Amino acid sequence: MPHTKAALANKFDEWESYLGALKLPAWDELPTLELYMDQVVIILNDYLGMYAAGEDKTVTQAMINNYVKQKLIPPPVKKKYSRVHLALLMIICTLKQTLNISVVKDMLPDWDGDAVRRFYDRFITVQKGFGAYFVNQVRAAAEPIFAGGDEAEVTDFIISAAVASCYAKLLTEKMIIYKNE
């Protein structure tokens, strides 16, 4: 179905606003009180729901328990979860959208609170910076569509986004292997 330039421009504006809303909390914004599992699930879904494409991507208690079993996060202390848990879970749930869980595990810091804080702070900084860069790059790549592009240019744009995602995943996996050698 053909789309008008105005309709496409409107969709890109919506998309840009959506990306602008993708913001994980800073370390100091994470709760300082230790939380029970049901509270952790609510907080994670509040922050990470913007990444989800559907119901099947919500964070569940079973997922968190699996991450403990897989040693992605430390076990809770007296059934309570700390900032370290929340930060690691935010990172894991974000990265697993495109990476295998084993690759995500290789990226994570030791469970030491200071190491997690430093890694999480870097993660948030990179997320914000790359988000702005990415929006600008996509706007530039979409210019031909706004300049009178046809359906084929829209299709090429979609294919380009998918291929870029594949290349980014491959680069990430290769760099982790290199870093761990």
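**Exercise 1.** Find the residues that tyrosine 120 is in contact with, leaving aside its neighbours within four places in sequence.

*Solution.* Start with the cut-off: contact means heavy atoms within 4.5 Å. Next, go through the partners: Leu24, Pro25, Ala26, Trp27 and Leu30, then Ala87, Met90 and Ile91.

A quick word on the model: it's predicted, so local features need pLDDT of at least 70 and side-chain atom pairs count only at pLDDT 80 or more, while totals for chains, interfaces and linings use all residues. Residues are numbered from 1 along each chain as its sequence is written, and side-chain values use heavy atoms, with hydrogens and water left out.

**Exercise 2.** Work out which residues of the largest nonpolar core touch the most other members, and which element gives the most to this core.

*Solution.* First, the term: a nonpolar core is a set of buried (under 20% relative accessible area, 1.4 Å probe, protein chains only) Ala, Val, Leu, Ile, Met, Phe, Trp, Tyr and Cys residues joined through side-chain atoms within 4.5 Å. Among the 38 residues here, Val40, Leu44, Ile64, Tyr67, Ile73 and Tyr120 touch the most other members. Helices here are DSSP runs of H or I, at least four residues, numbered from the N terminus.

**Exercise 3.** Take lysine 71 and describe its phi, then its place.

*Solution.* Phi is positive, about 60°, although lysine 71 isn't a glycine. Most residues other than glycine have a negative phi. Lysine 71 sits in the loop between α3 (61-69) and α4 (83-95).

How values were computed:
Helix = DSSP H or I, 4+ residues; strand = E, 2+ residues; numbered from the N terminus. Buried < 20%, exposed > 50% of the residue type's maximum accessible area, 1.4 Å probe, protein only.
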